[in-house]
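User: I would like to go through this model with you. Could we start from the overall picture and then turn to details?

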Amino acid sequence: MGAQKKGATARVSEDPEELARHPLQAILLADSFTTKFRPITLERPKVLLPLVNIPMINYTLAWLESAGVEEVFVFCCAHSKQVIDYLESSEWSSQPNFSVTTIESHNSISAGDALRLIYERNVIHGDFVLISGDTVSNMSLTQALQEHKDRRKKDANAIMTMVVKQSKPSPITQQSRLGTDELFMAINPVTKQLLYYEDKAEYSKGFISLDKTLIADNPSVILHNDKQDCYIDICSQEVLSLFTDNFDYQHLRRHFVKGLLVDDIMGYKIFTHEIHSSYAARIDNFRSYDTISKDIIQRWTYPFVPDVLCGSSAIKVERQGTYRASERCTIGSNVTIEGSYIWNNVTIEDGCQLRNAIVCDGVILKSGAVLQPGVILSFKVVVGQQFVVPAYSKVSLLQQPTQQDSDEELEYADSTSGTGELRSDKLNGDIAPDLSETASELGTGGVGYIWTVFEGAYDEEWRHSVAPIPTDKLVKLMLDKDEDEELLTQDGNVISASRELKTDSDGNGSEDDDNEDSRDDYVSFEKEVEATFLRAVHENVKVDLAVLEVNALRLSYNMASVDCGGAIFYSMMKLAVESPHNSASELHRNAADIVTTWQKLLKSFLHDIDEEIEVILKFEEMCLESAKEFAALFPQILHLLYDKEILQEDAILRWADEKEGADESDKVFLKRSEKFIQWLREAEEEEDDEDE
Amino acid sequence: MDFQVVVLAGGNSKSLTPLVSKDVPKPLLPVANHPVLYYVLHQLEESNLKDLIVVVEGEDAGLLVGAWISGTFVDRLHVEIAAVPEDIGTAGALRAISHYLTAKDILVVSGDLVSDVSPGAVAATHRRHDAVVTATLCCVPISGSSESGSSGGKDKTKKPGRYNIIGLDPRKQFLLHIATEIEKDTRLQKHLLHAVGQMEIRSDLMDAHMYAFKRSVLQEVLDRKDTFQSLKQDVVPYLVRSQLKSEAVLSGIRQAEEDGNEKVSFPNNQVMVSQILANASTPSFHELYSMDADGSAQTRKTHKCCAYIASSSSYCVRLNSIQAFMDINRDVTGEADHLLSDNVIGPSPKLGTKTTVGPHCMLGEGSEMGDKCQVKRSVIGRHCRIGSHVKVVNSVVMNHVTIGDGCIIQGSVICSNVQLLERVVLKDCQVGAGFVVTAGSEYKGESLARKEK
């Protein structure tokens, strides 16, 4: 009841005028757009599945009501009729200060579609709470809402506040106790802005990479691996229009949140609100169904526990047993039930054994049947006598949909789920398929199909099952992880070694490496210069005009004259290589001709020694990469350039000096031109002697 | 304390030309009339760390530095000078002097550090955690963006504001990630994150180049990884990266150290799993990782990499660019004057009539100034002769400089034995040692130096 009071104060503390305009609204998605609860969800929507004997949606609605929400729009898609019927017949349709409106859709395949539809209906007028119908919480929204509003006032781009909660994933399986995958979030500790979100962790990748600008903009960033996303979002109206603008957004997190984080043009921001003592969790898979059920029984979610919610005396808090029998169940003698969920009207005959299983309504276990850990028995399945249902089997009266989502379509698993559930909606009325031939699948007298598990999905089986993860899996995982780490550490070494080489080799300050962005610019600049040069050659443009054109290019690309020199030289050499030649000497002649013709153009961009050195470096690079034919001619060309007074001896000598300290691999060309440099040095000394 | 200190005073940093030369190696470059090396040695002396090895690049520089140290710190410090070849990097330098290292822990300090961070405090932190490496971090000074990346002044001086990216655990004790901004994006190891849960990534901290190492580990790494050249870029990142996985390289030596001939017992996975599951909230992630079946001996080797974060009020700048040189000179005479133990104005400089010396100035002994001079926020070395009507603002003038009448010097550095003839106007210039500036010349933003043969 405490939370209800808090909810009341929430209303009071809000800006009175704002309250007058917008009652707090919420969108409840009564369709998870996933297939994790199949086969059960083929026959009944997930939100109506009993969670400690009460349909899940009741927890969510009760919390919304207590948190001060006045108007809820329940979006139904799969099994929409069942949801609507349920809500109409329930107490929620007749609450005084709490209106529940259903929005029905038959063709939505994702949360994105749902929000787009709601946007079209034009029913949301202010901030709203976005939640799915399988969320259990008892948090108070007051503070989070207030923070959200305050931020909005300061910054209109702060459009969403996500609720997160401390939850450290297991160090071995890398999943939380709710069975969800590990989540990496980067949050600014001061502003609480969300900067990075990665939930579908790629197991193969041992690294997380944070964008450079992200770190530059935030002096301190905390990267969390110990938080859990509660899937409770406080959103501003813009969120809906954003979904409409970006019609390809499907998934709330994978597309919407990541989309906003990556997009820096609009500048929309997402913030987080961390809760500490209150409860919030979403039932995403069978494991979280198990975990949350236990939490509810242990009353972590108070006041949202069955005895309070129902208000009837039918359900009482009993001792914390390992099983809870439901209405009209018949359980024979000598039955062992451990950690299992048995819904209504289940008949379990003598001598059955159940471990960590979910048994839906109307199931009959004939005597001596055994359910191994992780078994899911959907509605009205009959297990034959003495039959052992293998671990992690999913058994249903309905056949497995044939166009099951294959691996490569994981992204679109949503779509098959939606339609699949829809189709089963129709089937729902007349479940009387011909079962005679399949009887054998579940032993004598058994009824139902055992669904086959797809390859690659095995992993998911034990990760998300109700059963605890077996120890041998854990050990295997640990060993795997050790190997991975071994690899990673080695990887790291490789990286650092190569980096080391790099820093060594560009000791002479080729500035392109500094900055990748300018490199891209440079590449296109180089292309432009080359085109200009070729045009000049073919159309016999005057040198002065060519200089002007290159200068114009330089200005428009914001390049230094160093870059021009390099680029022009590059174009010249490329032309030489591309002109027809049969031997190295012909190539040399080509190059000589071109250099002679255009030396004035090149010279006009070589004002000082640094620029000349740049030309040599450029040439070296070409010899290694684009124009290997020159590699043999390196000293000759160098000499040519010296003769034509394009390069001064100082430049060549300084280049040689700088290269002296470089790696062996880097000195190839230095070695080749050793003679020439030697000659230069001697010439210089002679000159000096003469001077003195 | 069983601590040996290695002062890396190498690097004839190119970025400091023309201030440094053959005659004035970088460690002897005067900052507020004291060689820059003085600040480090003084700080070490204060912390009672007196067993030092000063590593200098090149024999000549070694002699010069040795002569100065024995003259200045005679009897106060036990210093050995080790000259190593040039350009072998910081790790290379340590490798070269490895046989001198005998103490349990080694403190490595960069010789160009001007700081009031106590080396003793760093050493204590290192010991307290029994860490393999402890790095000193300090807040980036607001005034100057003088931090440049690499050690030994190898490169990158052209990039201002190159900060380190540092990952810390929630209690800010352990170093989880360290990188200079070389790659485009920062890559973080996930398994480390799994172990700690959350990591704070800071980009406003600067690596002060003061590291404490466990000697055995340092030597082991230097031996095995012979490609490692730089402490900052190779050795420290390597140690940080492998902190949860250290048996790969360090088991042998640790084994020998901890217990004579104990065999490595392979972890009993089954039990370990349950231990880890049961201890979901152990205090330190290192302990969690190193947990064993019976909890006694270590089976999974981890080592600790610690961070010592200096308080934001402390002063810490490295002299690795001309800008940094100017900043340090200004700060040492101004806001950070506690770095110097002796008085700021030397004994009896001779000042002419109507000559004013503003605050934050320093005049060396034996310097003379003519009439109507103005000195503001500047350092003037020993035995300088300054004529009349001279204006010196925001500048550093080293020893034995002669300045003619009517000179105006702003934001410039004048090295020793320079002669400025009459009416020279210098703005943002650097004048190398022994240079003569002709009368009436004006320079702006230039670097003047004699041609060295």
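Predicted model: local features only at pLDDT ≥ 70, side-chain atom pairs only at ≥ 80, totals over all residues.

User: Understood. How many helices and strands does chain A have?

Analyst: Chain A contains 23 helices and 28 strands. It comprises 692 residues, of which 52% count as buried.

User: And what is the secondary structure of chain B?

Analyst: Chain B has eleven helices and 32 strands. Of its 453 residues, 59% are classed as buried.

User: Let us look at sheets. What is the strand order in the open sheet of chain B?

Analyst: Six strands form that sheet in the order 17-20-23-26-29-32, and the pairing is parallel.

User: Which strands sit at the edges?

Analyst: Strand 17 (362-363) and strand 32 (447-448) of chain B are the edge strands, each pairing on one side only.

User: How many bridges join strand 23 to strand 26 there?

Analyst: Two bridges link strand 23 (residues 396-397) of chain B with strand 26 (residues 413-414) of chain B. Within strand 26 of chain B, V413(B) is the bridge partner of V396(B).

User: Back to chain A. Which strand does strand 8 pair with, and in what sense?

Analyst: Strand 8 (residues 158-166) of chain A pairs with strand 14 of chain A in the parallel sense, over seven bridges. K165(A) has I275(A) as its bridge partner in strand 14 of chain A.

User: How many residues of strand 14 in chain A are buried?

Analyst: Five of the seven residues of strand 14 (residues 269-275) of chain A are buried, and the strand is mostly covered.

User: Now the aromatics. How many pairs are there?

Analyst: The count comes to 15 aromatic pairs over all chains. In one of these, the ring centres of W343(A) and F379(A) lie 6.2 Å apart with the planes at 55 degrees, so the pair is tilted.

User: Where do W343(A) and F379(A) lie?

Analyst: W343(A) is in the loop between strand 18 (341-342) and strand 19 (347-348) of chain A, and F379(A) is in the loop between strand 24 (376-377) and strand 25 (382-383) of chain A, so the pair ties together parts 36 residues apart in sequence. W343(A) counts as buried because its relative accessibility of 4% is under 20%. F379(A) is likewise buried, with a relative accessible area of 8%.

User: What about F228(B) and Y238(B)?

Analyst: Their ring centres are 5.6 Å apart and their planes are at 65 degrees, so the pair is edge-to-face. F228(B) lies in the loop between helix 6 (215-224) and helix 7 (231-241) of chain B, whereas Y238(B) lies in helix 7 of chain B. Both F228(B) and Y238(B) are buried.

User: Which residues form the aromatic cluster that includes W343(A)?

Analyst: F37(A), F286(A), Y289(A), Y341(A), W343(A) and F379(A) form one aromatic cluster. On a related point, R282(A) lies over the face of Y231(A), at 4.7 Å from the ring centre.

User: Turning to packing, how many residues does the largest nonpolar core have?

Analyst: The largest nonpolar core has 82 residues, and those with the most contacts inside it are L41(B), L107(B), F325(B) and L420(B). Helix 1 (residues 36-46) of chain B gives the most to this core, with seven residues.

User: Why does this core lie between domain 1 and domain 2 of chain B?

Analyst: Domain 1 (3-143 + 163-247 + 302-322) and domain 2 (343-448) of chain B both give residues to the core, so it lies between them.

User: What does L420(B) touch?

Analyst: Leaving aside residues up to four places away in sequence, L420(B) touches T402(B), I403(B), G404(B), C407(B), I409(B), I414(B), L426(B) and V437(B).

User: Finally, is H126(B) buried or exposed?

Analyst: H126(B) is buried, with a relative accessible area of 1%. It is located in helix 4 (residues 119-129) of chain B.

Methods
Residues numbered from 1 in each chain as written. Chains lettered and ligands numbered in written order. Heavy atoms only, no water. Pairing = 2+ DSSP bridges. Helix = DSSP H or I, 4+ residues; strand = E, 2+ residues; numbered from the N terminus. Phe/Tyr/Trp six-rings, centres within 6.5 Å; stacked < 30°, edge-to-face > 60°. Buried < 20%, exposed > 50% of the residue type's maximum accessible area, 1.4 Å probe, protein only. Lys NZ or Arg CZ within 6 Å of the ring centre and 35° of its normal. Core = buried A, V, L, I, M, F, W, Y, C linked by side-chain atoms within 4.5 Å. Domains from an automatic or database assignment. Contact = heavy atoms within 4.5 Å.
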